[in-house]
Each structure stands twice: as structure tokens, then as C-alpha cells.
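Please consider how charged side chains pair within a folded chain. The explanation below follows such contacts one at a time.

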Amino acid sequence: MGAALTRYRVIAWIVGVVLILLVVIGMPLKYGFDDPIVVETIGPAHGFLYMVYLAAAFDLARRADWSLKRMALVMLAGTVPFVSFYAERRVSRWVTTDTRTPQPVAG
């Protein structure tokens with residue numbers, strides 16, 4: 001599960017940074033200065049990267065045996081600026097706590 005967590009953490013940071021660039025720089029340029037170049041460039045990139053984020057979150061959720069509600073909330077975290085960073089920290093804590101908890105031995 002360590003590789004799935006690493007993939008999720010990397011893509012969560014990338015999606016978070018790209019979304020912030022889009023919202024903080026791209027949108028003001030487009031609507032305030034009538035210059036849509038940043039939105040036209042970063043917008044499709046964010047869309048593609050968000051699909052990768054969804055796949056990584058689904059893979060991690062499947063491996064960690066999360067509930068559907070938890071999985072959906074983690075997936076939605078990539079749509080709100082700065083929330084993906086918070087979700088990444090929470091997910092990391094959940095997964096590392098779960099892996100440190102002793103598993104019952106079938107006997």
C-alpha cells in the first residue's frame with residue numbers, strides 16, 4: 001500500500017498547485033485583464049491531472065478498504081483550492097495509522 005500512498009500524495013500536491021495557479025492567477029487574468037491564455041493552458045492540464053488524481057485516490061481507497069463516503073470525500077478534495085493539501089495530510093495519517101495497527105492473525 002506504500003506505493004499507492006506515494007502516488008496519491010504526489011498527484012494530490014500536483015493537482016493542488018495547478019488548481020491554485022488556475023484560480024489565483026488564471027481567473028483574474030481572464031476576467032480582470034481579458035487575457036485567457038493561462039486558463040486556456042492550465043485548465044485542460046488540470047482536467048487531465050484531476051482524472052489521474054481520481055484514479056490514484058480510487059486505487060488507494062480500494063487497497064485501504066475505505067467506505068464509499070470516505071472515498072468520495074477524498075476524491076472531491078481535488079476540486080477546491082487548498083483542500084487537496086489538507087486531504088493529503090489526513091489520508092497519509094489514516095493510512096499510516098492503519099498499517100501500524102496490528103492485524104489479527106488467521107489461525
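**Salt bridges within and between helices**

In this predicted model, aspartate 59 and arginine 63 bring their side chains together in a salt bridge, with an N to O distance of 2.9 Å. Both residues belong to helix H2, where they stand 4 residues apart, about one turn of the helix. Arginine 63 is partly exposed, at a relative accessible area of 43%, whereas aspartate 59 has a relative accessible area of 15% and is buried, because buried means under 20%.

Aspartate 59 also pairs with arginine 7, and the closest N and O atoms of this salt bridge are 2.9 Å apart. Arginine 7 lies in helix H1 (residues 2-33) and aspartate 59 in helix H2 (residues 37-64), so this contact ties together parts that are 52 residues apart in sequence. The relative accessibility of arginine 7 is 42%, which makes this residue partly exposed. A network of salt bridges links Arg7, Asp59, Arg62 and Arg63.

Which residue forms a salt bridge with arginine 9? The partner is glutamate 88, and the closest N and O atoms are 2.4 Å apart. This pair links distant parts of the chain, with arginine 9 in helix H1 and glutamate 88 in helix H4 (residues 83-100), 79 residues apart. Glutamate 88 counts as buried, at 1% relative accessibility, while arginine 9 is partly exposed, with a relative accessible area of 32%.

In total, the structure holds 4 salt bridges. Side chains of opposite charge can pair when their charged atoms come close.

Definitions and conventions:
Residues are numbered from 1 along each chain as its sequence is written. This is a predicted model: local features need pLDDT of at least 70, side-chain atom pairs count only at pLDDT 80 or more; totals for chains, interfaces and linings use all residues. Side-chain values use heavy atoms; hydrogens and water are left out. Helices (H or I, at least four residues) and strands (E, at least two) are DSSP runs, numbered from the N terminus. Buried means under 20% relative accessible area, exposed over 50%, partly exposed in between (1.4 Å probe, protein chains only).
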